[in-house]
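Subject: Structure handover

Hello,

Here is the structure I promised. Please open it alongside this note.

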Amino acid sequence: MNGPELLEPVFEFLDTLIAEHGHILYMALVYVSLPLIVWILSGGLRRRLTHQGSTAALAIIVIWRTSTPPPLPPDIVGDYRSPAGDDEQSFDA
């Protein structure tokens, strides 16, 4: 037996697992990744050279927009026709 023949049952198991429970696996990985990202950003991967306490701080900034954006400018009333006449088109094809 060679490598692909030995790994075929493993791949079939993973395909079935993802097909039947992929949405649950995705949500579990999302919830596991959030504390992992916080740990990495707070210095969890840096080697501690001294045994002093860490002074790293994590700041999360959330901006809520409570006001509505300003209104759009008014539409231009003119339709850019040439002054020679209304029956002419400025962009002939």
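How much accessible surface does the chain have, and what share of that surface belongs to carbon and sulfur atoms? The total comes to about 9,600 Å². Carbon and sulfur atoms account for 65% of that area. Keep in mind that this is a predicted model.

Overall fold first. The chain has one helix and zero strands. Of its 93 residues, 2% are buried. The helix, α1, covers residues 3-41.

Next, the surface patches. One is nonpolar and includes Met1, Phe11, Phe13, Ile18 and Leu25 among its members. Leu6, Leu7, Val10 and Leu14 belong to this patch too. Together, the residues of the nonpolar patch have about 920 Å² of accessible area.

Leucine 25 sits in helix α1. Its relative accessibility is 34%, so leucine 25 counts as partly exposed.

Glutamate 12 is found in helix α1. Is glutamate 12 buried, partly exposed or exposed? Glutamate 12 is partly exposed, because its relative accessible area is 46%.

Last, a look past the helix. Alanine 57 lies in the segment after α1. With a relative accessible area of 74%, alanine 57 is exposed. The cut-off for exposed is over 50%.

Best wishes

Technical notes
Residues are numbered from 1 along each chain as its sequence is written. This is a predicted model: local features need pLDDT of at least 70, side-chain atom pairs count only at pLDDT 80 or more; totals for chains, interfaces and linings use all residues. Side-chain values use heavy atoms; hydrogens and water are left out. Helices (H or I, at least four residues) and strands (E, at least two) are DSSP runs, numbered from the N terminus. Buried means under 20% relative accessible area, exposed over 50%, partly exposed in between (1.4 Å probe, protein chains only). Accessible areas come from the Shrake-Rupley method with a 1.4 Å probe; for residues, only the protein chains shown count as cover. Patches are made of residues with over 30% relative accessible area and no salt bridge: like charges are joined within 9 Å, nonpolar side chains (Val, Leu, Ile, Met, Phe, Trp, Tyr) within 5 Å. A salt bridge is a side-chain nitrogen of Lys or Arg within 4 Å of a carboxyl oxygen of Asp or Glu.
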